[in-house]
Amino acid sequence: MERFRIGLGYDSHRFAEGRPLKLGGITIPGESGLLGHSDADVLLHAIIDALLGAAALGDIGSHFPDDDPAWLDADSGELLVRTRKEVEAAGWTIGNIDATVICEQPKLRPYVDAMRKRIAELLGCPMDSISIKGKTNEGMDAIGQGAGIAVHCVVLVVDRG
Ligand code: MG
């Protein structure tokens with residue numbers, strides 16, 4: 001019998017000078033990057049937490065601690081692939097992912113399909129299972145004043161029995 005689970009992920013990182021902006025597994029040129037122990041890919045981090053949550057396997061901090069030198073400047077794509085393997089080992093197949101990325105800058109639309117393609121590659125899913133939506137925070141609060149980027153994400157996983 002098919003079983004389904006959903007997972008919810010959230011992450012935020014503040015902007016920092018002198019780092020490339022990694023988002024959704026791609027590098028967005030000409031933009032300020034994000035502060036973090038790893039490459040600070042806030043979108044991939046939210047997806048990792050959603051996947052771990054769906055499978056009840058803990059959270060990103062328990063799997064990839066931010067005080068562990070092994071993950072210093074880590075490629076979050078590698079962390080996502082490791083997460084996928086754990087979720088699959090627990091019997092789950094990824095159904096679909098829907099993410100909302102909130103920032104004032106950069107405008108994300110030109111990059112959305114490249115991010116969807118890269119995430120689909122990392123997860124071994126069809127691209128039409130990956131949705132990414134860009135929003136601003138209408139100038140409100142720290143995100144709206146350009147301090148960083150926040151992401152909300154949900155994922156469905158399926159056990160086809
Ligand atoms: Mg993070």
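## Helix H4 and its end

Gly-124 comes directly after helix H4 and has a positive phi, near 65°. Helices (H or I, at least four residues) and strands (E, at least two) are DSSP runs, numbered from the N terminus. The model is predicted: local features need pLDDT of at least 70, side-chain atom pairs count only at pLDDT 80 or more, and totals for chains, interfaces and linings use all residues. Residues are numbered from 1 along each chain as its sequence is written, and side-chain values use heavy atoms, with hydrogens and water left out.

H4 covers residues 109–123; at 1.5 Å a residue its 15 residues should span 21 Å, and the 22 Å between its end C-alpha atoms agrees. The expected span is 1.5 Å times one less than the number of residues. Buried (under 20% relative accessible area; exposed is over 50%, partly exposed in between; 1.4 Å probe, protein chains only) applies in H4 to Val-112, Met-115, Arg-116, Ile-119, Ala-120, Leu-122 and Leu-123. They cover an arc of only 155° around the axis, which puts them on the same side of H4; the arc is that of the directions from the helix axis to the C-beta atoms. Their packing partners are strands E2 (21–23), E3 (26–28), E5 (93–102) and E6 (130–135), together with H1 and helix H3 (76–89). Contact here means heavy atoms within 4.5 Å.

## Salt bridges

The structure holds nine salt bridges, each a side-chain nitrogen of Lys or Arg within 4 Å of a carboxyl oxygen of Asp or Glu. In H4, Asp-113 pairs with Arg-116 at 2.9 Å, N to O; the two are three residues apart, about one turn of the helix. Asp-113 is partly exposed at 45% relative accessible area, whereas Arg-116 counts as buried at 18%.

Glu-121 and Lys-117 form another salt bridge at 3.3 Å, N to O, and are four residues apart in H4, about one helical turn. Salt bridges that share partners join Lys-117, Arg-118 and Glu-121 into one network.

The 14 residues of H3 should span 20 Å, and its end C-alpha atoms are 20 Å apart, which agrees. At its start, a side-chain oxygen of Asp-75 comes within 2.8 Å of the backbone nitrogen of Gly-77. The buried residues of H3 are Ser-76, Gly-77, Leu-79, Leu-80, Val-81, Thr-83 and Val-87; their cover includes H1, H4 and strand E7 (148–159). Just after H3, Gly-91 has a positive phi of about 100°.

H1 reaches 18 Å from its first C-alpha to its last, close to the 18 Å expected for its 13 residues. Twelve of those 13 residues are buried, among them His-45 and Asp-49.

## Asp-41

Asp-41 lies in the loop between strand E4 (33–34) and helix H1 (42–54). Asp-41 is buried without a salt bridge, and the nearest side chain of opposite charge, Lys-22, is 6.0 Å away. For charge, Lys and Arg count as positive and Asp and Glu as negative; His and the chain ends are not counted.

A polar atom of the Asp-41 side chain lies 2.9 Å from the backbone nitrogen of Gly-24. Leaving out residues up to four places away in sequence, Asp-41 touches Lys-22, Leu-23, Gly-24, Gly-25 and Ser-76.

How values were computed: A polar contact is a pair of N or O atoms within 3.5 Å; within protein, one must be able to donate a hydrogen and the other to accept it, and residues adjacent in sequence count only if both atoms are side-chain atoms.
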